[in-house]
Amino acid sequence: MNDIGKLLYQVVPKNMSFESALLSQDLHFDEKDTSRMENSRQKESLLAHQCARKALAKLGNEVDAITKGIAGNPLWPKGFTGSISHSKGFCMAVVGRDENYRSIGLDIELNGRIKPAAIERITHSIEKDFIGDDPGKGTLLFSLKEAFYKAQFALFEKPLGFKDVAFSIDEATNSASLVWVSDKLPIKPAQYNQWEFVYKSIGTHTVVVCWLKNKTNN
Ligand SMILES: CC(C)(COP(=O)(O)OP(=O)(O)OC[C@H]1O[C@@H](n2cnc3c(N)ncnc32)[C@H](O)[C@@H]1OP(=O)(O)O)[C@@H](O)C(=O)NCCC(=O)NCCS
């Protein structure tokens with residue numbers, strides 16, 4: 001396991017399978033794979049999908065490819081759920097069994113890139129006092145919302161705006177909680193605490209993992 005994996009395993013449940021790779025170190029594709037690729041985002045995607053296949057293989061399921069749904073969402077083999085993210089050379093995937101998890105969301109973001117106007121655009125009024133115009137907290141909030149977006153999409157397939165959900169963040173435990181969700185989603189206030197969010201700062205990047213457990217098996 002590389003250093004990113006070791007750090008993430010401090011906050012991610014042990015029955016999730018996590019794989020990560022760095023574009024600068026781990027890009028070992030066939031010439032024919034990479035020659036078609038115009039930009040690093042496509043190379044990251046290929047590497048992130050390799051991570052997804054390795055994470056699945058660790059849970060005993062070997063596939064040739066993770067296919068995509070109409071929105072670009074990953075389609076996991078029967079019995080599994082997970083999420084993929086890649087940013088500025090960091091590529092990763094997390095996978096769980098659907099007997100344990102109804103859905104999983106993963107997001108990685110490069111720290112310090114978010115501008116004040118973008119923070120304003122993604123921050124719900126409930127979150128304003130905590131987030132302010134702090135770029136570190138802004139990046140974390142953005143990443144929480146992207147991870148949640150991916151996880152909810154697997155269940156509800158809803159397009160959402162950044163102000164359709166609000167979080168509280170607990171810096172002492174590197175975790176966050178849903179505190180408000182718009183009525184675009186069938187998530188009632190009594191169900192907010194079923195969604196779990198953890199985050200970790202890893203060098204230049206922030207990583208968020210969220211999940212909804214499968215209640216029948218937990
Ligand atoms: C889909 C989206 C979340 C991807 O996030 P991103 O930061 O651009 O990119 P990431 O590297 O983190 O994630 C990319 C991976 O997400 C996955 N993904 C793409 N669309 C997805 C969807 N609708 N649901 C779940 N996963 C999705 C794919 O595996 C993709 O990798 P790939 O293209 O290499 O296969 C983002 O582009 C988006 O459309 N967001 C909608 C707006 C939003 O987030 N609102 C927040 C409301 S709470």
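Strands S7 and S8 (residues 175-181) pair with each other in the antiparallel sense over six bridges, where helices (H or I, at least four residues) and strands (E, at least two) are DSSP runs numbered from the N terminus, and two strands are said to pair if DSSP finds at least two bridges between them. Within this pairing, Ile169 stands opposite Ala176 in S8. The model is predicted, so local features need pLDDT of at least 70 and side-chain atom pairs count only at pLDDT 80 or more, while totals for chains, interfaces and linings use all residues. Residues are numbered from 1 along each chain as its sequence is written.

**The five-stranded sheet**

S7 and S8 belong to an open sheet of five strands, which follow the order S6-S10-S9-S8-S7 with antiparallel pairing. At its edges are strand S6 (101-110) and strand S7 (165-170), each of which pairs on one side only. Neighbouring strands of this sheet are turned by 25 degrees against each other on average, direction ignored; here axes are lines fitted to C-alpha atoms, for helices over the stretch in contact, and angles run from 0 to 180 degrees between N-to-C directions.

Helix H7 lies across S6, S7, S8, strand S9 (195-202) and strand S10 (205-213), and runs at about 150 degrees to S6; two residues are in contact if their C-beta atoms, placed from the backbone, lie within 7 Å. H7 is followed by Glu157, whose phi is positive, near 55 degrees. In the loop between H7 and S7 lies Lys163, which counts as partly exposed because it has 16 C-beta neighbours inside 10 Å. For this count, a residue is buried if 20 or more other C-beta atoms, placed from the backbone, lie within 10 Å of its own, exposed if 12 or fewer, and partly exposed in between. The C-alpha atoms of Lys163 and Lys145 are separated by 9.2 Å, although these residues are 18 residues apart along the chain.

**The three-stranded sheet**

Another open sheet has three strands in the order S1-S5-S4, again with antiparallel pairing. S1 and S4 are its edge strands, each pairing on one side only, and neighbouring strands of this sheet are turned by 10 degrees against each other on average, direction ignored. Strand S1 (residues 17-22) is joined to S5 by six bridges, while S4 and S5 pair over eight bridges.

| Residue | Opposite residue in S5 |
|---|---|
| Phe18 | Val94 |
| Ala21 | Cys91 |
| Ser85 | Met92 |

Strand S5 (residues 90-97) is mostly covered, with seven of its eight residues buried, and S1 is also mostly covered, with five of its six residues buried. The hairpin of S4 and S5 has two residues between the strands, and in this hairpin Lys88 takes a positive phi near 45 degrees.

Helix H4 lies across S1, S4 and S5, running at about 30 degrees to S5. The buried residues of H4 are Glu44, Leu47, Ala48, Cys51, Ala52, Ala55 and Leu56. An α-helix has 3.6 residues a turn, so residues three or four places apart point the same way. Just after H4, Gly60 takes a positive phi of about 95 degrees.

**The lengths of the two helices**

The expected span of a helix is 1.5 Å times one less than its number of residues. By this rule the 19 residues of H4 should span 27 Å, which agrees with the 27 Å between its end C-alpha atoms. The 22 residues of H7 should span 32 Å, and its end C-alpha atoms are 30 Å apart, which agrees.

**The ligand and its shell**

The ligand is surrounded by 23 residues, and the closest are Ser45, Asn73, Ile84, Ser85 and Phe153; a residue is near a molecule or strand if its C-beta atom, placed from the backbone, lies within 6 Å of it. Helix H4 (40-58), strand S4 (80-87) and helix H7 (135-156) each supply at least two residues of this shell, and the largest share, six residues, comes from H7. By class, the shell has 10 nonpolar, seven polar and six charged residues, where Ala, Val, Leu, Ile, Met, Phe, Trp, Tyr, Cys and Pro count as nonpolar, Asp, Glu, Lys and Arg as charged, and the others, Gly among them, as polar.
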